[in-house]
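Let's take a walk through this model, starting with the space inside it and ending with a pair of packed helices.

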Amino acid sequence: MEISIQGKRALVTGANSGIGASIATGLAAAGARVCVNYVVAPEAAELVVAGIRQAGGEAMALQADVSDAAQVGRMFAAVDQAWGGIDALVNNAGVDGPRARAWEAEPEAWERVLRINLVGGFLCAREALKRMVAQRGGVILNLTSVHEKIAWSGYSAYTAAKAGLSMLTKTMAQEAAPFGVRVLSLAPGAVRTPINRPVWSDAASLADLLTKIPLGRMGEPEEIARVATFLVSDAASYLTGSTVYVDGAMTDYPDFAHGG
Ligand code: BGC
């Protein structure tokens, strides 16, 4: 089976680090032109762009806060201007927010997680869908998490946002299907990135985490990027509206834990 996304115009949000950087690099390696979105750390975005160009690919960095509708609008206009449109959007930008049980959480901090992870995904998808519906084709890939399904004490905003994003995927997939546009969720498990550095850099926390992962190890960003590349390619033409879990079976860990 050949997976090619040659010449496709892709935008990956939060692509200056972690899973986003890996997906941007992976899509470019498969032939896509990639827009590397970032909100802070432009030098990190430029590093991703430079890596793609060194490998013979095409990329550009664009700054926008995905939770701000005006900035998102300007980013899509810039992509239009550079490439005349968009074929794939990967909604990857996300934060997990401060750890706090619901009754201890600050409403502003809680809402910020919703704004970036859920509203941001919607605002970018809205701009992408306007274009994809008109051109009768395209793919939106929303990065959720195993926590779209598994509760996570201390992270109610994050879990609520990811569950919301998962349902947003399903509804947008229904709406866009008649126009030949696919919308999917990819749910990573525990992947070694900056977002969870405090966990994997501490031996005791890492050991505890690994008991919840049947494959017995954390995932690497490239393992997410390979699946993302497949999902946005035509090889996945009959996949829409669903969540693909790439988690070493972590989603099933409650059963695993009790089944010994
Ligand atoms: C979180 C990580 C966590 C993983 C598994 C992800 O959604 O961002 O911090 O390690 O879920 O719990």
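Predicted model: local features only at pLDDT ≥ 70, side-chain atom pairs only at ≥ 80, totals over all residues.

Start with α4 (107–135) and α5 (156–176), which each supply at least two residues of the lining of the largest cavity. Of the elements involved, α4 gives the most, with four residues.

How big is that largest cavity? Its volume is about 60 Å³, and the count comes to one cavity of 30 Å³ or more. If you want to find the largest cavity on screen, pick out its lining: Thr13, Val66, Asn91, Asn92, Ala93, Ile116, Asn117, Gly120, Gly121, Leu143, Lys162 and Leu165. By class, that's five nonpolar, six polar and one charged.

Last stop, the helices. Two packed helices are described by the angle between their axes and the distance between the axes. Here, the axes of α1 (residues 18–29) and α8 (residues 221–232) come within 8 Å and cross at roughly 50 degrees. That angle is why α1 counts as oblique to α8. The crossing of α1 past α8 is right-handed. On the α1 side, the contact is made by Gly18, Ile19, Ser22, Ile23, Gly26 and Leu27; α8 brings Pro221, Glu222, Ile224, Ala225, Ala228, Thr229 and Val232. Sorted by class, the residues of this contact are eight nonpolar, four polar and one charged.

Definitions and conventions: Residues numbered from 1 in each chain as written. Heavy atoms only, no water. 1 Å grid on protein atoms, 1.4 Å probe; cavity = no way out; pocket = protein on both sides within 12 Å on 5 of 7 lines; lining within 4 Å. Points joined across faces, edges and corners; volume = space filled by probe spheres on them. Nonpolar A, V, L, I, M, F, W, Y, C, P; charged D, E, K, R; others polar. Axes fitted to C-alpha atoms, helices over the stretch in contact; angles between N-to-C directions. Parallel < 35°, antiparallel > 145°, perpendicular 65-115°, else oblique. Left-handed = near helix turned anticlockwise from the far one by under 90°. Contact = heavy atoms within 4.5 Å.
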